[in-house]
Amino acid sequence: MAEKTILRALNGEVLPTPPVWMMRQAGRYLPEYRATRAQAGDFLSLCYNPELAAEVTLQPIRRYGFDAAILFADILLLPQALGADLWFVTGEGPRLSTTTTPADFAKLKTKDDIHDTLGPIYETVGILSRELPSETTLIGFAGAPWTVATYMIAGQGTKDQGPAHALKSQDRETFCKIIDLLTESTIEYLSKQVEAGAEVVKLFDSWAGSLKGDDFHDFAVEPTRKIIAELKARFPQLPVIAFPREAGEGYIGFHEKTGADCVALDNSITPEWGAANVQIAGCVQGNLAPGHMVTGGQALVDETRHVVEAFKNGPHIFNLGHGITPDADPENVALMVETIRGG
Ligand SMILES: Cc1c2[nH]c(c1CCC(=O)O)Cc1[nH]c(c(CCC(=O)O)c1C)Cc1[nH]c(c(CCC(=O)O)c1C)Cc1[nH]c(c(C)c1CCC(=O)O)C2
């Protein structure tokens, strides 16, 4: 039997205390992260510097003893490796050269051409698999194809993913080619992370919630299912976490439809609903509202206990419902961890 708590939960075990980690746990709310980022120069230089990327991955593990470390990188490095230009505008977020026409698509590289750019990421994974404490699980990740496509098509983050929805209806062939290229490339990208030492992989589908009806099946479920099927063919023991954020009713049956070992839940659903409708099918991860890391106090303690209690009868990995924000107080994270572990 697997020893590490995260692997045990992913294997379906119900543990007396749920293992815990946080999305964006290495991030701007930590002074030591800000210092290392300044040393690297900027966010992308940090992502591509294996020593420093490993360092920021380890910082929250040292501080809080989380049960998992997530590789420090970004979901937009893959489109960059496929040939899109990528830069970050301070205070605003990512910008990419857009891919919206057959000519744009033709300029992209193939799935076999990504590893030159992404080599440093595999090196970071290698460093971490040597340096992490023996009880800490190393999670690799990628964006799910739909979410990555929304950024490639719009060239930036959008509130309603309008440009991606527009391309889907106006030039479905090009849209589907983008999704397929991302699906195939993600398989290669995650395979290399696993070969370098990632023990679990997670697919972030942050914008899954804007896909409705058949679109949810075609562009959230199907690409995820294909990626998981191929990864499991290559690495039969590999656990996979899927995060179709704000899927709502779409969370129901997501384990079975995609083959995911764990479905991560956002905080737009109650933990009781998640337990009754999703955890019945397997391990779940989540779903404390990230705002509690800003506001703290008794509400943080009460809500943390509420989440633990609601999911206690099935396999559960404690996490936030989305990434921790830069205005969070590191003391509140400590209080959350203490509440989970200390009662
Ligand atoms: C949509 C998305 C992105 N990146 C990611 C997603 C999916 C999850 C989600 O919905 O949050 C995923 C991601 N981004 C980052 C990680 C590293 C691992 C982790 O700590 O969770 C992971 C898993 C680091 C990051 N990615 C980013 C930062 C902040 C960069 C900085 O230091 O300025 C970090 C630590 C930047 C980023 N990267 C992205 C955006 C929209 C932004 C700007 C918004 C922001 O600044 O928070 C794209």
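Me: In which hand, left-handed or right-handed, does H10 pass H11?
Reply: The model is a predicted one. In it, helix H10 (residues 172-196) and helix H11 (residues 214-234) pack at about 35 degrees, with their axes 10 Å apart. The crossing of H10 past H11 is right-handed.

Me: Which residues make the contact of H10 with H11, and how do they divide by class?
Reply: H10 contributes Ile179, Thr183, Thr186, Ile187, Leu190 and Ser191. From H11 come Phe219, Pro223, Lys226, Ile227, Glu230, Leu231 and Arg234. By class, the contact has 7 nonpolar, 3 polar and 3 charged residues.

Me: What is the orientation of H15 to H16?
Reply: Helix H15 (residues 297-310) and helix H16 (residues 330-342) have axes that come within 9 Å and cross at roughly 40 degrees. Angles under 35 degrees count as roughly parallel. The H15 and H16 angle is therefore classed as oblique.

Me: How many residues in the contact of H15 with H16 are nonpolar?
Reply: H15 passes H16 in a right-handed crossing. Leu300, Val301, Thr304, Arg305 and Val308 of H15 make the contact with Asn332, Leu335, Met336, Thr339 and Ile340 of H16. Of these residues, 3 are polar and 1 is charged, while the nonpolar ones number 6.

Me: Which residues are closest to the ligand?
Reply: The ligand is surrounded by 21 residues. By class this shell has 11 nonpolar, 6 polar and 4 charged residues. The closest are Gly27, Phe43, Gly93, Phe204 and Ser206.

Me: Which residues does the UniProt annotation "binding site" cover, and how far apart do they reach in space?
Reply: The unreviewed UniProt entry gives Arg24, Gln25, Ala26, Gly27, Arg28, Asp74, Tyr151, Ser206 and His322. Arg24 sits in the loop between helix H1 (5-10) and helix H2 (31-40). The annotated residues are spread over 299 residues of sequence, and in space their C-alpha atoms are up to 22.6 Å apart.

Me: Where is the cis peptide bond, and what is its omega?
Reply: Most peptide bonds are trans. The bond from Gly286 to Asn287 is cis, and Asn287 lies in strand S8 (residues 283-288). The omega of this bond is near -15 degrees.

Me: What is the phi of Gln161?
Reply: Most residues other than glycine have a negative phi. Gln161, in the loop between helix H8 (145-154) and helix H9 (162-170), has a positive phi. The value is near 55 degrees.

Methods: Residues numbered from 1 in each chain as written. Predicted model: local features only at pLDDT ≥ 70, side-chain atom pairs only at ≥ 80, totals over all residues. Near = placed C-beta within 6 Å. Nonpolar A, V, L, I, M, F, W, Y, C, P; charged D, E, K, R; others polar. Helix = DSSP H or I, 4+ residues; strand = E, 2+ residues; numbered from the N terminus. Axes fitted to C-alpha atoms, helices over the stretch in contact; angles between N-to-C directions. Parallel < 35°, antiparallel > 145°, perpendicular 65-115°, else oblique. Left-handed = near helix turned anticlockwise from the far one by under 90°. Contact = placed C-beta atoms within 7 Å. UniProt positions renumbered as here; feature names shortened; annotations may be inferred.
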